[in-house]
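Subject: Structure for handover

Hello,

I am passing on the structure below. Notes on what was found in it follow.

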Amino acid sequence: MNEDEYADPWQYTDKDNIVLNCPHCGFKILHRVMGSTIDDPVGVPSLVLDGYEPFADPLRRFQLLKCRNCCEFTLIRQQKIVDTSTTEHWTEGEIVWPVINPSLNVRIPSGLRREHAEGMLCLRSGAYTAALVMVRRILEGVCSQFGFNNKTLVQNLSAMEQQGLIDGRLLEWAQTLRVVGNTAAHYTNHQVGREDAEEALSLAEALLEYLYVFSVQFEEFKKRNAEKIGPKP
Ligand SMILES: [Zn+2]
């Protein structure tokens, strides 16, 4: 691979090379096609370009790609586009693996899920500073959802701890996320790395799961068990 390839990788796209935003290193770069298979089309809706008749069985193609920058592997799925040309056309690759945007539990308020999804989008696009800012917005959203609207985030998080909504360890997580989010929101000449952004988003996700999913599940579990056992004699 020569330097020109980095300068304009698109011109090198062919059947053995595809340009993709690498979900591992964040670079939009050429990926080498390591393997390819065409899947049974049952149940796949037709994709048709304007003005052409639907084709009965559009095909799905799976391709295993290797990033030319970080050498990690990614699996993509494409659908065949039906047109009258003699050359094959496929849709842009949709990343199947690694799973880069797992959907959060529906018990988490939709507004917070949306903030998290935007954070993941920043991460995928290599906008790591912006991803950390989204983490801070998630924390603010959590406090607001629980009715804490003090002047500062520090006050809100402390109030949540005092009312027993989060314990000491979770408060420490949240305060750390708050600090990194603050750093990202102001110009400091400090570059945010992918690892920091990825871990901050994971911690924010764990916090959401704890508050809206596991705490509720545990209460339900306790209630069911209390009903089964019945009142103490
Ligand atoms: Zn890569």
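Starting with helix α3: its buried residues are covered by elements that include α2 (110–124), α4 (153–162), α5 (168–185) and α6 (194–229). Covering is judged by contact, meaning that the C-beta atoms of two residues, placed from the backbone, lie within 7 Å. Helices (H or I, at least four residues) and strands (E, at least two) are DSSP runs, numbered from the N terminus.

This is a predicted model, in which local features need pLDDT of at least 70 and side-chain atom pairs count only at pLDDT 80 or more, while totals for chains, interfaces and linings use all residues. Residues are numbered from 1 along each chain as its sequence is written.

Overall, the protein has six helices and six strands, in the order α-β-β-β-β-β-β-α-α-α-α-α from the N terminus. Of its 233 residues, 20% are buried, that is, 20 or more other C-beta atoms lie within 10 Å of the residue's own, with C-beta atoms placed from the backbone. Among contacts between residues at least 6 apart in sequence, 53% join residues at least 24 apart.

Helix α3

α3 covers residues 128–145. Its 18 residues reach 26 Å from first C-alpha to last, close to the 26 Å expected at 1.5 Å a residue (1.5 Å times one less than the number of residues). Its buried residues include Tyr128, Leu132, Met134, Ile138 and Val142.

Strands around β4

Strands β3 (residues 60–67) and β4 (residues 73–81) run antiparallel and are joined by seven bridges; two strands pair if DSSP finds at least two bridges between them. Arginine 61 has glutamine 78 in β4 as its bridge partner. Five residues lie between the strands of this hairpin, where cysteine 71 takes a positive phi near 70 degrees.

β4 is also joined to β6 (residues 94–97), antiparallel, by three bridges, with leucine 75 opposite tryptophan 97 in β6. With β5 (residues 89–90), β4 pairs in the antiparallel sense over two bridges, and lysine 80 stands opposite tryptophan 90 in β5.

Regards

Technical notes:
A residue is buried if 20 or more other C-beta atoms lie within 10 Å of its own, exposed if 12 or fewer, and partly exposed in between; C-beta atoms are placed from the backbone.
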